[in-house]
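User: Can you walk me through this model? I have a few quick questions.

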Amino acid sequence: DELFRKERFGEQGDFPPPANQVILIVHPHTRHHQDDQVETLLLNLLRGSGPDGLAAMPESRRFAGGWLVRPLLAVSRAALADYAAEERLAWIEDPSNAERGYDRNFLRHEVLPVIGERWPDAGVRIERSIERLKEASELLAALGVADLDSAAGSGVVDTAHLAGLSAPRQRNALRVAIRDAG
């Protein structure tokens, strides 16, 4: 995954762009779709991720001085394949996608077909859960910011105030502080 990710983004041109340039990246190599979202959620679930990881890939995010946009996250692989066939579009299949030794490919070829047989609309349902997890992640981030703001005096964090929070809120505030510190 990492090798192909570097290869995909490497084709976009020089990154980062000059500081005064804003770019919008919508490229065939960033064609993530609903099935990729489901795979990402399951991989992150199996890694023990929290709400941020379980929210899978964002539709857009800052990237290399611009924005990385994934407009197809609500569209299934099958729907895209049907559209491509109807429009007689050609595509290139990455040969590594067939290698079941990779965790993502194992899920794609072995696990998700079984889930799809039992629950044909699993992708839509999981996408709905991902949207709820994104909202939960945003709420937790806002709570963390509020807790840090209320604990911050004149630029100094009052650790006694943070100690008065529940352990989950302390951990959440710490995650937010680390995230915001870069």
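This is a predicted model: local features need pLDDT of at least 70, side-chain atom pairs count only at pLDDT 80 or more; totals for chains, interfaces and linings use all residues.

User: What volume does the second largest pocket have?

Analyst: About 460 Å³. On a 1 Å grid over the protein atoms alone, a pocket is an open set of points where a 1.4 Å probe fits, with protein on both sides within 12 Å along at least five of seven lines. The volume is the space filled by probe spheres set on the points, which are joined across faces, edges and corners.

User: Which residues are closest to its centre?

Analyst: Pro51, Asp52, Ser137, Glu138 and Arg179, out of 18 lining residues. Lining residues have an atom within 4 Å of a point. Helix 3 (51-54), helix 6 (122-151) and helix 8 (167-181) each give two or more residues to that lining. Helices are DSSP runs (H or I, at least four residues) and strands are too (E, at least two), numbered from the N terminus.

User: How do helix 6 and helix 8 cross?

Analyst: Their axes come within 8 Å and cross at roughly 90°. Axes are lines fitted to C-alpha atoms over the stretch in contact, with angles from 0 to 180 degrees between N-to-C directions. Helix 6 and helix 8 are therefore roughly perpendicular (65 to 115 degrees).

User: Which residues meet there?

Analyst: Among them are Leu140, Leu143 and Asp147 in helix 6, and Arg169, Val176 and Arg179 in helix 8. Contact means heavy atoms within 4.5 Å.

User: New topic. What about helix 2 and helix 5?

Analyst: The axes of helix 2 (residues 34-47) and helix 5 (residues 103-118) come within 10 Å and cross at roughly 110°. That makes helix 2 roughly perpendicular to helix 5. Residues in this contact include Leu42 and Leu43 from helix 2, and Leu107 and Arg108 from helix 5.

User: And how many bridges join strand 2 to strand 3?

Analyst: Four, between antiparallel strands (residues 60-63 and 66-69). Strands pair if DSSP finds at least two bridges between them. Ser60 has Val69 as its bridge partner, and Arg62 stands opposite Trp67. Two residues separate the strands in this hairpin, and Ala64 in the turn has a positive phi of about 50°.

Definitions and conventions: Residues are numbered from 1 along each chain as its sequence is written. Side-chain values use heavy atoms; hydrogens and water are left out. Angles under 35 degrees count as roughly parallel, over 145 as roughly antiparallel, 65 to 115 as roughly perpendicular and the rest as oblique.
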